Amino acid sequence: MFAFQGPFGRLAGYSAAVGLLALSLQAPAASTPPHAHTITYDHYSLSIDGKPTYLWSGSFHYWRLPSPDLWADVLQKMKAAGFNAVEIYFDWGYHSPKRGVYDFAGIRDVDRLLDMARDAGIYVIARPGPYINAETDAGGFPGWLVTTAGKPRSTAPDYTAAYREWMTQIDRILARHQFTDGRGTVLLYQVENELYDDSADSRRYMQDIEDKAHADGITVPLIGNHNDNFFTGVGAVDMPGYDSYPADFDCTRPERWNGVYDFASERKRLTHSPLFFPEFQGGAFDVWGGPGYEACRKLTGPDFERVFYESNIAAGSTMQNFYMTYGGINWGWLSSPGVYTSYDYGAPITANRILTNKYDQQKLIGYMTHAVAPLARTDAVATSVPDNPRLRVNARVNPEDGTRFYILRHADAADTSNDTTHLRVTLGKTGDTTIPLQAGTAIRINGRDSKMLLANYRFGRQDLAYSTSELMTQLRMGDRDVALLYGRHDEDGETVLRYSTEPTTRVIDGNVTAHWDAATHMLRLNYRHDGLARVTIGQGETSLLLLIGDNETAKHFWQLDTSTGPVLVRGPYLARTATGEGEQLALTGDTDKAGDIEVFAGPGIHGFTWNGAPVTAKVTASSSLQGHIDGPQPVSLPSLTAWRISEAAPEIAPTFDDSGWTATDRTTTPNPYWNHELPILDSDDYDFHHGNVWYRGHFTATGKETAILLAANTGVHLGNHGIFTAWLNGHFLGNNPSGAQQFPIDPSWLKTGGDNIVSVLVDNTGHLQEEHSGSFREPRGLIAATFAGAPTGIRWKIQGNVGGENLPDPVRGPFNAGGLYGERMGWQLPGFADERWATTTLPRATDKPGVDWYRTRFHLDIPAGQDVPIALRIHDIAPHHYRAIIFINGWQMGRYISDVGPQTDFELPAGLLNPHGDNTVAIASWSTAQDGGLGEVSLVMQGNYRSALDPKPVAAPDYQQVTKAQKASLKPGATN
Ligand code: IPT
């Protein structure tokens, strides 16, 4: 369907296929729907409806935030920071619990997600896989794929049939939301994920996916993040891209920096499409036992963002997506082995949706990428070296209008010294000039910093010769231009504008000196960045309000679009939306404290409301409106004191009835990874793909058994933090992580000639991600069991999550539930009556290995109109040998391993958590040795905002409903 021909085959082929390119811009074909938009691209940039556009995008995974109203929150926060796109992985396994079964309802309602992106005014880069990696279970492959045979990410027929199922489902939704011919903002479609393999089969596989996407009605450009692969020929994508993580993923030494890689050769290779980073490092994942996400946020902090993202601009990139901008939560069993519940990623927006200094920094650059339109089309150009050799500068020029960009940083990006320099810049007619002009001042790079300076830049009716401050944004409001410049606190700045005759300059605020040079027609302003300086400059028809802030001041500005033009808002923690209603502006947003709000809008606007309430505002000397808005009410959270407890591992007892369990009697599997003795013990072969599983082995003892060797695979990657624990006739044998262990048997434990029971509880830390080999099919659960002393055979039975692939609770879905007794009984669910359980307090220590369940309830009364991110904290004074699974209102929102860490605070997203009513906490604690129990449990407030956000509760079944569905789906007698 996609014809690539001729030297410009990529572009020409694309236009032919969608029938919407240059020609149709002039004369829309009769068949083109009236709302159709165009997406084109060349070596410089994407063009959207013919307008060259800088793509400034961030990654977000809806499946890591199971509360749809909060998707809108994240998308609005991204849009408010100047992201014009969001990159989204669609997780096959999240939607498909069973072959042929696909779920797009509730927290899986992708249609709704894409509508929200459209409503937030943000484009979507869709990444439906089939393989996605993403530190998620099996890299996004569904559990049921584990026990199939075909080589993954290849043309193997059974694998092909499987992924085509998924593509049919997801493409149908994505196609509806295409920007080209749908009702949404889906702009680009990624084919597969980081397939670094140029084999003939990989090419064919890529081509198969592309053909299928086209057959499914995908008309937007197909992109890739396969680095140097799939540029031409079979399997080629329209727009290839590069993924880059220059700080890598070791957050233990957050001060460490690697060099800046020069993407010049990549820039050159891409002859028909822009230098595109589908994933440029936005943070880093952390691992079990790792240093925690604040360290990752530091490793990839604002200094990293400035230096590396501006280096990408220096290399000519006009398409940058940051992975991740909001990381979210590996709730349930979503994580791949190695990573823990939080996928915060040290990203600009925390897992609990709080804005960080990384967000502020991205806003500063993000706004500029849109405000300075000439940036979308630039060529590298030679320039003089800085007079300080510790520094380096890259220059670029827009060939059409001559705007110049100077990107300045330390030559050694990791250099932390404080340096100054002068720069030689090209100023069109004025010729080359050394800046700054003001004697005794210089341009400073203090430590790991980068600055992007503009020269020869015309905006509105202004002509900026150059500035040693950076431009955050510029906008036109009625008759006047407004420009917002910023620099580091206390550093000198110099801004020079050209006028035909001397303008009137008025300094409204701040210490700014103005100097007019009649010979060069340049008005030079000198100042120090400190708070906010305001200068108006008028000449003839033109008037300019120049706002000059330090970084701290600049980050409090928000730019929002209305149908009557852009507005600037200064002050609040977040400004979400602006709508013009006659002379009034309706603003929405969030505050973290009471304070001033200032609004810069067109001359027609005389007042404004904030979250629906009118604000008394006065007109300032800079013709803005200034008023006051309230902060949040103080909030206090209840303490969790009254707990109920139940022992919950009856499977250990020899008398336990396992007659309803599944016998592990299979002797064949398509899965080539079962290379152990028969019958097969792999839990996946019995349709238990996620969470803990129990095995009970029956054997007739001879009395000669001296030890039992047990081997399990719990998932080893980036460490080995799974575990299994075993009992013989109720006696604790011990524990072991993934691997084999011989446990000695006390002869008095054996019932010679009788039925003896080995009970084993096995962790499943997830299925591995996939390179190409099929490693996601590694078995999970027990893999071997043999006696020493006698060749006694064991007959095993297995029990996992209720229903296996047939979920009694499809709302919470395939990753929520495991095979603990309490989970099978529905003890995690709201509505379960725990009154007969014993009461207890926390912390509680136990010397009895096994599983205990703890439950409590609490009532929240968060004031309406407040967003209060809450986490549940488990605190141990010293590590104990236990691991806990945390449920809030039936949702599994955390896995805590006391003796591994690092996570102690587990975010409870509003919607799952009820901020205005009753909530149920259930915690299953698996004591893996004789010093288990459960630490102190509390609720912690991570922030408090007065907010326009009003998340609705996520509807989910309670105890009665789930157990009813459970009974209906189970064989009689199979409830234990
Ligand atoms: C890149 C993956 O594409 C992405 O899914 C995620 O796993 C990311 O890594 C790390 O968080 S792969 C790249 C690091 C080689």
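The lining of the largest pocket in this predicted model consists, by class, of 15 nonpolar, eleven polar and five charged residues. The pocket holds about 870 Å³ of space. Its lining is made up of 31 residues, and those nearest the centre are Lys79, Asn84, His370, Gln559 and Asp561. At least two residues each come from the helices α3 (68–80), α5 (110–120) and α11 (357–371), and from the strands β3 (51–53), β21 (470–477), β29 (557–562) and β31 (574–581). The largest share belongs to α11, which supplies four residues.

The second largest pocket contains about 490 Å³ of space. It is lined by 24 residues, and Asn133, Glu135, Glu194, Gln769 and Glu771 are the closest to its centre. Sorted by class, this lining has twelve nonpolar, five polar and seven charged residues.

Asn133 also deserves a look for its backbone. Its phi is near 65 degrees, a positive value in a residue other than glycine. Asn133 sits in the loop between β6 and α6. Pro130 is found in the loop between β6 (123–127) and α6 as well. A cis peptide bond, with omega about 10 degrees, links Gly129 to Pro130.

A cis bond also joins Gly901 to Pro902, where omega is near 5 degrees. Pro902 belongs to the loop between β54 (891–897) and β55 (905–907). A positive phi occurs at Leu718 too: the value is about 50 degrees, although Leu718 is not a glycine. The loop that holds Leu718 runs between β41 (707–713) and β42 (724–728).

The next topic is how helices pack. Two packed helices are described by the angle between their axes and the distance between the axes. How do α5 and helix α6 (residues 157–176) cross? Their axes come within 10 Å and cross at roughly 25 degrees. Angles under 35 degrees count as roughly parallel, and α5 and α6 are therefore roughly parallel to each other. The crossing in which α5 passes α6 is right-handed. On the α5 side the contact involves Val110, Asp111 and Leu114, and on the α6 side Ile170, Ile173, Leu174 and Arg176. Divided by class, the residues of this contact are five nonpolar, no polar and two charged.

Helix α6 packs against helix α7 (residues 200–215) as well, at an angle of about 35 degrees and with the axes 10 Å apart. Here too the crossing, of α6 past α7, is right-handed. From α6, the residues in contact are Tyr159, Tyr163, Arg164, Met167, Thr168 and Asp171, and they meet Tyr205, Asp208, Ile209, Lys212 and Ala213 of α7. The contact of α6 with α7 has six nonpolar residues, one polar and four charged.

Which residues does Ile794 contact, leaving aside its neighbours within four places in sequence? They are Gly697, His698, Phe699, Ile708, Ala785 and Phe787. Ile794 and Arg183 are 611 residues apart along the chain, and their C-alpha atoms are separated by 60 Å.

The last topic is the cavities. Rolling a probe the size of a water molecule over the atoms shows where empty space is left. A cavity is a place where the probe fits but cannot get out, whereas a pocket is open. How many cavities of 30 Å³ or more are there? The count comes to six.

The largest cavity has a volume of about 180 Å³. Its lining has 16 residues, and the closest to its centre are Pro808, Asp809, Ala817, Gln828 and Val962. Seven of the lining residues are nonpolar, six are polar and three are charged.

Of its 15 lining residues, Trp333, Asp763, Arg883, Ile885 and Arg895 are the closest to the centre. Strands β53 (882–888), β54 and β56 (918–927) each give at least two residues to the lining of this cavity. By class, the lining of the second largest cavity divides into ten nonpolar, two polar and three charged residues.

Key:
Residues are numbered from 1 along each chain as its sequence is written. This is a predicted model: local features need pLDDT of at least 70, side-chain atom pairs count only at pLDDT 80 or more; totals for chains, interfaces and linings use all residues. Side-chain values use heavy atoms; hydrogens and water are left out. On a 1 Å grid over the protein atoms alone, a cavity is a set of points where a 1.4 Å probe fits but cannot get out, and a pocket is an open set with protein on both sides within 12 Å along at least five of seven lines; lining residues have an atom within 4 Å of a point. Grid points are joined across faces, edges and corners, and a volume is the space filled by probe spheres set on the points. Ala, Val, Leu, Ile, Met, Phe, Trp, Tyr, Cys and Pro count as nonpolar, Asp, Glu, Lys and Arg as charged, and the others, Gly among them, as polar. Axes are lines fitted to C-alpha atoms, for helices over the stretch in contact, and angles run from 0 to 180 degrees between N-to-C directions. Angles under 35 degrees count as roughly parallel, over 145 as roughly antiparallel, 65 to 115 as roughly perpendicular and the rest as oblique. A crossing is left-handed if the near helix is turned anticlockwise from the far one by less than a right angle, and right-handed if clockwise. Contact means heavy atoms within 4.5 Å.
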